[in-house]
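Reader: I would like to go through this structure slowly, one part at a time. Could you answer my questions as we go?

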Amino acid sequence: IFNGSWKIERNENYEKFMEQMGINMVKRKLAAHDNLKIIIEQTGDKFHVKETSNFRTLEIDFTLGVTFEYISCFTLQGSWTMDGDMMKGVFNRKDNGKQLTTTRIIQGDELIQSYNYEGVDAKRVFKRG
Ligand code: MYR
């Protein structure tokens with residue numbers, strides 16, 4: 001159900017979340033308008049995700065329940081699992097060990113990705129395209 005191409009539509013509290021992550025203001029301003037697009041291909045419990053943004057293009061392969069590394073401003077290590085129709089990700093920052101949790105769910109025609117880091121919640125909402 002997550003399969004397809006998703007373009008960022010809007011953010012909720014994402015700047016506060018990035019601030020909590022320790023990202024400086026200049027980067028936060030750029031990242032809030034990063035034109036993020038993700039293309040998700042799921043085959044069973046294997047995922048191939050192509051991420052494009054103003055910053056970079058990246059292809060990631062992971063399997064549900066299997067730990068992998070994701071490198072952005074920070075290196076995160078963790079995994080996704082499926083809980084019903086929801087993807088649940090639990091990751092740890094390699095630099096400080098702190099936990100970042102994230103979920104993906106389809107609601108109507110939107111993919112909603114939620115984030116939590118150290119008590120701050122944010123959302124990024126995507127539409128097909
Ligand atoms: C994917 O499924 O797209 C790849 C794995 C994503 C890992 C976790 C996403 C959290 C990214 C948080 C970025 C924080 C920058 C402020």
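**The start of helix H2**

Author: At the start of H2, the backbone nitrogen of Val26 has a side-chain oxygen of Asn24 within 3.1 Å. This is a predicted model, in which local features need pLDDT of at least 70 and side-chain atom pairs count only at pLDDT 80 or more, while totals for chains, interfaces and linings use all residues. Residues are numbered from 1 along each chain as its sequence is written, and side-chain values use heavy atoms, with hydrogens and water left out.

Reader: Which residues of helix H2 are buried, and on which side of H2 do they lie?

Author: Helices are DSSP runs of H or I with at least four residues, strands are runs of E with at least two, and both are numbered from the N terminus. Buried means under 20% relative accessible area, exposed over 50%, and partly exposed in between, with a 1.4 Å probe and protein chains only. In H2, which spans residues 25-32, the buried residues are Arg28, Ala31 and Ala32. They cover an arc (of the directions from the helix axis to the C-beta atoms) of only 100 degrees around the axis, which puts them on the same side of H2.

Reader: What do the buried residues of H2 pack against?

Author: Contact here means heavy atoms within 4.5 Å. The partners of these buried residues are strand E1 (4-12), helix H1 (14-21) and strand E10 (120-128).

Conventions:
Polar contact = N/O pair within 3.5 Å; in protein donor to acceptor, adjacent residues only side chain to side chain.
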